[in-house]
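Open the model in your viewer and keep the selection panel at hand. The tour takes one chain, then one residue, then the contact between chains.

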Amino acid sequence: MNTKNIKIIFSKDMDELLSLNIVKFSIIFFPILFLFILSSVLVISFYQIGHMSSIPLSTFPAGTGDIHNIQIFYYLALNYLILLSVVPLGLSTTIASYSIVGEKQQRTIEPLLATPLDDRDLFFGKLLAPLIPTLIASYISIFIYTIIADYLSSSLGKIIFPDTQWIIIVFIFIPSSTALEILFTLLFSSRVTDPRSAQQISGMIILPIIIVFILSLFYYSYEPILLLILTFSVILADVIIFRIAVRLFDRERIITRWV
Amino acid sequence: MLNVNGICKSFNNRNVLENVSFKLERGKVFSYLGPNGAGKTTTIRILNGLLKFECGEIILENEKMNPYDVRLRKRSGLLTENPGFYERFDAVKNLRFFGSLQGMDDNVLNERITEMLKEFGLYEYKNTPVGTYSKGMKQKLALIRALLHDPDIVYLDEPTASLDPETSLFVRNLISDLRKKGKSVFLSTHNLNEAEQISDWVAFINRTIVVQGPIENLKNMLFGKTVIIEFEGEREKIREILKNYDFEILDSRIKIRNVSGISKILKDLLDSDINVSYVYPEEHNLEEIYMELISNEYKKH
């Protein structure tokens, strides 16, 4: 792959996307919204844990044994963190679809494909452009959430994040699942007449898959190895879908349907 | 420079190009004419690696090209029918993007952008978003984009369609300049007057190449050499003198077709006291050739 061309596509798309008010709004608003909701729930949970004696033991799974307040808080904080990973998924679909719709609306796809640009470089540039701003926005909200969680947990006697699970979720699961979402949008954009429907189709296919992954994370989040296996399967899916998307990228179909 | 041998193309089992062959020579302007849906834009897209061809071959500088060949895209500059630009970006940003993708060095690219914006009269608008440009300005910017990397072959798809006369003249002069610089220009157009003024070679396409050649040859091939003689004198005498020729008398003019030599005819007329005031060849323009070809095509189908 030609990194110079990837960088050119990425920079252009970033410039273009960030000039759109709807994209700027989405990047700022949704992470703040989710951060506010999940942090509030975490704070409420923290004070609930303070009144633990009022919660009957039957609330917890059988055989749980002795549960310290810090363990309960950790479990909740980790699961809310997983829920926060939904933010980049939603954001990336919106941004990726604007990147594609822009090429169609402005009729730039023909002059773009007439350059010596390789299809893989085009795809990779188009993948990175929605991925990077989405991750930056999401990471800011995750780091603020982490500071809140650590501040609260410190009063229970321990700083809970970052730990192995946090690192896997934040630095491997979130980027790989977001990339998968974007790749599906790109894959369908070259197969359908209207790029907007690519967003809808990819959303319909990817979201159930991601939800299954997120639900699985709730169960496996205490086991780093299982969490790693689950996360690396998403990375494997990224590689496979990238190859399929490049192979199925049909210049002729795009030129004849979009131009 | 570019040899196209028998290429064909179909969409949904419908043939849009059949056995299309031509040569594009260095420093020549090749005009590609035909009705809507004749396959002009499809040909240009194939030659720019945007569509694949299904049979035949494309040879560029003695090298055989594959469908979607990147070498086709590196050597050519394309003016698309719709000059698509990133409308929120200014001219410089748009040109820098496309020039970089052509592999141009940053310094060379910046110099070239400045030089061409000045040449095309867009320099003072260089920082204005392209979305605010008029159609003519966009077309000029699209021409700059097509020429930015100094390609050997320039493909122009309807370059003057719906442009004002001044911008159209600018485009025609530009094509002439490109020819002088040794560039090959492939011009797809409906503007027959324009094609007639600047073409070295003309091809009429209607799914396949109906006829091609230099304009003068096409005129002779289709209409033969026709001479008009303006006269004063008796018509009966003229009919007698010209009885072995294909002619007709229109008011005070004689129209003689397929003439190989005029001196004997003139001598015979003058010897018979026919007063000849003017002799000139009948002129046919490209539009007449086009209409003749189109009517022949309709008759065929």
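How many helices and strands does the secondary structure of chain B come to? Select chain B and colour by secondary structure: there are 11 helices and 14 strands. This is a predicted model.

**Chain B as a whole**

Keep chain B selected and show the C-alpha trace. The radius of gyration is 24 Å, whereas the globule rule gives 19 Å for 301 residues, so chain B is more spread out than a compact globule. Along the principal axes, the C-alpha atoms of chain B fill a box of roughly 80 × 45 × 30 Å.

Next, colour chain B by relative accessible area. Of its 301 residues, 51% count as buried. Turning to contacts in chain B with a separation of 6 or more, 67% of them are between residues 24 or more positions apart.

**One residue: B:I205**

Select strand β9 of chain B, residues 201–206, and pick out B:I205 within that strand. Is B:I205 buried or exposed? Its relative accessible area is 1%, under the 20% cut-off, so B:I205 counts as buried.

B:Y32 is one of the residues in contact with B:I205 once neighbours within four places in sequence are left aside. To see others, show side chains for B:L17, B:V20, B:L33, B:P35 and B:A38, which are among the contacts of B:I205. B:V210 also belongs to that set.

**The contact between chain A and chain B**

Bring chain A back into view and select the residues in contact across the interface. Chain A gives 27 residues to the contact and chain B gives 29. Between them the two chains bury about 2,700 Å², and carbon and sulfur atoms carry 61% of that area.

For the polar side of the interface, the rule finds 4 salt bridges and 11 residue pairs in polar contact, both residues at pLDDT 80 or more. Zoom to B:K9 and A:E252, whose side chains form a salt bridge at 2.6 Å, N to O.

Which elements of chain A each supply at least two residues of the side that touches chain B? Select α1 (3–18), α5 (109–113) and α10 (251–258) of chain A. The largest share, 7 residues, comes from α1(A). Finally, colour this side of chain A by residue class: 11 residues are nonpolar, 6 polar and 10 charged.

Note on methods: Residues numbered from 1 in each chain as written. Chains lettered and ligands numbered in written order. Predicted model: local features only at pLDDT ≥ 70, side-chain atom pairs only at ≥ 80, totals over all residues. Heavy atoms only, no water. Contact = heavy atoms within 4.5 Å. Buried area = accessible area lost by both parts, 1.4 Å probe. Polar contact = N/O pair within 3.5 Å; in protein donor to acceptor, adjacent residues only side chain to side chain. Helix = DSSP H or I, 4+ residues; strand = E, 2+ residues; numbered from the N terminus. Nonpolar A, V, L, I, M, F, W, Y, C, P; charged D, E, K, R; others polar. Rg over C-alpha atoms; globule rule 2.2 N^0.38 Å. Buried < 20%, exposed > 50% of the residue type's maximum accessible area, 1.4 Å probe, protein only.
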